[in-house]
Amino acid sequence: MPDISSADVSQTVILPQSKDAMFITVTIKEGGEAAALQVITGLSGLVNGVGFRWPSAHLSAVVGIGAKLWDRLFVVEKPELLHEFIELQGAKHHAPSTPGDLFFHIRSDEFDVAFELARRINNALADAVEEVDEVHAFRFQDFRDPLGFVDGTESPRGDEGRAVALVRDGVWAGGSYIVAQKYTHDLRAWNDLPVEEQEKVIGRTKHSDIELDEDEKPSNSHVAVNSVEDEDGNGLEIVRNNLTFGSALGEQGTYFMSYARDVRVTELMLRRMFIGEPEGNYDRILDYSTAQTGVNFFAPPRAFMDNAADFARPEVKGEDGPGAATQPAIDLPRGKEVFGDRGNVPVSHNAEDVRRAREIYSLALKPGAEPGTGSGTGSGAEPGAEPGTE
Ligand code: HEM
């Protein structure tokens with residue numbers, strides 16, 4: 001089994017919070033699949049090409065692939081919990097599900113460096129992009145959201161973060177499930193609330209960021225709603241990378257962006273926020289914050305990304321497919337090093353390689369999907385299933 005604590009296996013999922021970030025969601029036009037594949041396989045090269053010259057920016061980027069695009073790109077079955085964002089309608093609040101094929105989480109301590117990488121990604125995608133949601137987000141003061149509360153304190157970091165965010169075993173070990181939502185705030189209504197009341201909405205003190213005592217923390221406070229446990233009382237967590245966005249004189253919001261090894265944990269939190277547990281006990285933060293988008297993706301392990309062309313549908317990689325783009329500009333570990341006993345990930349595109357891919361990804365290959373037939377359907381997870389607790 002690959003060691004998921006090794007940075008070589010996963011993308012740059014777990015990092016200290018950056019000063020700036022760009023959260024970019026795009027949909028890919030019919031016929032734009034080859035360009036999308038090229039960006040997936042070539043992303044580490046693009047990051048290196050920009051980041052090497054500005055080391056102080058600590059530039060990084062993670063790419064997530066949406067459920068629909070996955071089926072359009074690959075002969076390999078998608079990770080079992082990858083599906084589109086599940087729309088939620090509570091008694092009062094709504095979490096919409098919005099389109100998204102690729103997601104880029106670009107982090108940098110210097111905004112212009114992130115901006116340059118985003119431009120290069122855009123150039124590489126060329127005419128393949130249909131819709132775009134591009135959010136420029138930043139660390140506001142001491143990690144505060146526009147509501148004035150410190151956001152991220154209890155989010156697991158370092159090794160703990162890796163344990164929470166990265167799939168632990170199976171063919172997708174080192175990958176991570178992304179859920180993102182763009183929220184805008186009604187700051188006028190919020191600022192009309194006395195600070196003590198705001199603290200009851202969040203469940204922590206505003207100035208000093210201390211969690212309220214159990215007897216002072218309402219059950220519909222944001223912290224209480226999002227403190228979730230499995231049947232045995234073990235805490236279930238996700239890694240959050242929220243940042244502030246907006247204009248000083250106009251609308252402001254929080255970009256919620258999370259990584260989890262089991263997306264059902266994030267979905268459980270969302271159900272508790274919007275529907276409530278018991279029903280009706282929805283998260284009071286929603287009286288002041290409106291979800292404008294909702295998207296799910298899977299950030300594949302690095303070895304899969306770098307060799308993604310080997311698992312692409314033949315019509316996507318084409319005769320002169322994007323093989324060149326599978327060779328990243330920097331020396332990344334090859335499949336064999338990462339996948340160990342399960343053998344090497346093939347690096348050329350013939351039937352024998354696809355057969356070997358089938359062996360390596362035997363759990364994941366689409367049922368009945370002979371390469372090129374395009375007949376895979378994908379299974380997806382049961383949305384109502386309980387979160388994994390292993
Ligand atoms: C308007 C959007 C949001 C804002 C402004 C926001 C803000 C905050 C703040 C200020 C905290 C307390 C400090 C901390 O530990 O980070 C917090 C905690 C937390 N939030 Fe959010 N959040 C938002 C959306 C979400 C969503 C959509 C989820 C889950 C799907 C979520 C999950 C959590 C969790 C798990 C905690 C930690 C709870 C604990 O203490 O155990 N948040 N959030």
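How do the residues of the lining of the largest pocket divide into nonpolar, polar and charged? The lining comprises 15 nonpolar, 13 polar and eight charged residues, where Ala, Val, Leu, Ile, Met, Phe, Trp, Tyr, Cys and Pro count as nonpolar, Asp, Glu, Lys and Arg as charged, and the others, Gly among them, as polar.

The model is predicted: local features need pLDDT of at least 70 and side-chain atom pairs count only at pLDDT 80 or more, while totals for chains, interfaces and linings use all residues. Residues are numbered from 1 along each chain as its sequence is written, and side-chain values use heavy atoms, with hydrogens and water left out.

**The pocket**

The largest pocket has a volume of about 800 Å³. A pocket is defined on a 1 Å grid over the protein atoms alone, as an open set of points where a 1.4 Å probe fits, with protein on both sides within 12 Å along at least five of seven lines; lining residues have an atom within 4 Å of a point. The volume is the space filled by probe spheres set on the points, which are joined across faces, edges and corners. Of the 36 lining residues, Glu154, His222, Val223, Asn226 and Arg240 are the closest to the centre. Helix 8 gives the largest share of the lining, four residues. Helices (H or I, at least four residues) and strands (E, at least two) are DSSP runs, numbered from the N terminus.

**The ligand**

The ligand sits in this largest pocket, in the sense that more than half of its atoms lie within 2 Å of the grid points. Strand 7 (176-185), helix 7, strand 12 (252-260) and helix 8 (263-274) each give two or more residues to the shell around the ligand. His222 (NE2) is the only protein donor of the ligand's iron atom, at 2.0 Å; donors are N, O and S atoms within 2.8 Å of the metal (3.2 Å for Na, K and Ca), and sites may look incomplete, as water is not among the atoms. Histidine 222 belongs to helix 7 (residues 222-225).

| Residue | Distance |
|---|---|
| Glycine 152 | 2.5 Å |
| Threonine 153 | 3.1 Å |
| Glutamate 154 | 2.9 Å |

**Backbone features**

The peptide bond from glutamate 277 to proline 278 is cis, with omega near 0°. Proline 278 lies in the loop between helix 8 and strand 13 (289-291).

Terms used
A polar contact is a pair of N or O atoms within 3.5 Å; within protein, one must be able to donate a hydrogen and the other to accept it, and residues adjacent in sequence count only if both atoms are side-chain atoms.
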